[in-house]
Amino acid sequence: MLKKLTPEQQAEILQTGIREFSKLGLDKANVNVIAKKAGVSIGVLYKYYEDKNSFFFACVRHALESLDEVLTAKIDAHRDPEENAEILIRAAVDFSREHPETVILYHRITCFEDGEFAEQLVREIEGKTAETYRALISAYQDEGKVRKEIDAGYLAMLFDDILMMVQFTIACQYYRHRHLLYAGKGPEKNEEELIASALAFVRQAFSAG
């Protein structure tokens with residue numbers, strides 16, 4: 001009979017999977033290697049996860065739920081839009097610096113072309129965040145604090161796009177070089193400038209005037 005894993009051991013398996021999948025992607029990552037690095041047998045891993053895809057989903061869910069919790073926990077509907085925006089942008093920067101493997105995995109899954117697979121990932125990962133942002137922006141529109149001529153859903157998506165790009169800029173090599181090309185310096189040289197620029201863009205784009 002296979003030994004039951006503690007919550008700490010299960011978290012370690014998922015974290016090991018996140019590191020491997022972020023480096024190698026779904027196709028090239030080896031579940032046997034992941035099990036070995038996590039200090040468990042492949043049999044134990046498959047006791048908890050049906051196959052490689054279900055384990056991958058579990059890793060993605062574990063990784064991005066932690067990001068979602070960090071961001072949504074920062075939201076306070078009683079704050080002004082700009083204050084919430086700055087807090088969320090700063091939280092995204094901090095999380096990306098501290099957990100780059102999670103953000104790199106996030107970037108990898110945005111490239112999936114399989115329609116059904118992609119749809120499932122989007123619904124599982126972004127559903128709660130989308131509804132939270134949409135509801136908050138809609139409330140701000142009702143209060144006259146955010147422009148009304150653009151649908152709240154589009155504004156929510158565009159704000160999340162900015163957060164996503166900030167995360168990729170901090171964690172992913174390609175986007176760091178891209179930042180260097182556009183801004184003349186790497187984001188690690190001046191995170192405050194990146195934060196201030198993103199916030200200024202949000203302020204101008206979303207302001208009710």
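Helices (H or I, at least four residues) and strands (E, at least two) are DSSP runs, numbered from the N terminus. Please keep in mind that this model is predicted.

**Exercise 1.** Find how many helices and strands the protein chain has.

*Solution.* Start with the count: there are 10 helices and zero strands. Next, read the elements from the N terminus, which gives α-α-α-α-α-α-α-α-α-α.

**Exercise 2.** Work out how helix α1 is oriented relative to helix α2.

*Solution.* First, locate the helices: α1 covers residues 7–28 and α2 covers residues 31–38. Their axes come within 9 Å and cross at roughly 135°. Angles over 145 degrees count as roughly antiparallel and 65 to 115 as roughly perpendicular, so α1 is oblique to α2. The crossing is right-handed. Now list the residues in contact: α1 contributes Glu12, Ile13, Thr16, Gly17, Glu20, Phe21 and Lys23, while α2 brings Val33, Ile34, Lys37 and Ala38. Sorted by class, this contact has five nonpolar, two polar and four charged residues.

**Exercise 3.** Determine how many disulfides the structure holds.

*Solution.* The count is zero. To check Cys59, find the nearest cysteine sulfur: that of Cys172, 18 Å away. A disulfide needs the two sulfur atoms within 2.5 Å, so Cys59 is in none. Then check accessibility, where buried means under 20%: Cys59 is buried at 0%, and Cys172 is buried at 7%.

Methods: Residues numbered from 1 in each chain as written. Predicted model: local features only at pLDDT ≥ 70, side-chain atom pairs only at ≥ 80, totals over all residues. Heavy atoms only, no water. Buried < 20%, exposed > 50% of the residue type's maximum accessible area, 1.4 Å probe, protein only. Axes fitted to C-alpha atoms, helices over the stretch in contact; angles between N-to-C directions. Parallel < 35°, antiparallel > 145°, perpendicular 65-115°, else oblique. Left-handed = near helix turned anticlockwise from the far one by under 90°. Contact = heavy atoms within 4.5 Å. Nonpolar A, V, L, I, M, F, W, Y, C, P; charged D, E, K, R; others polar.
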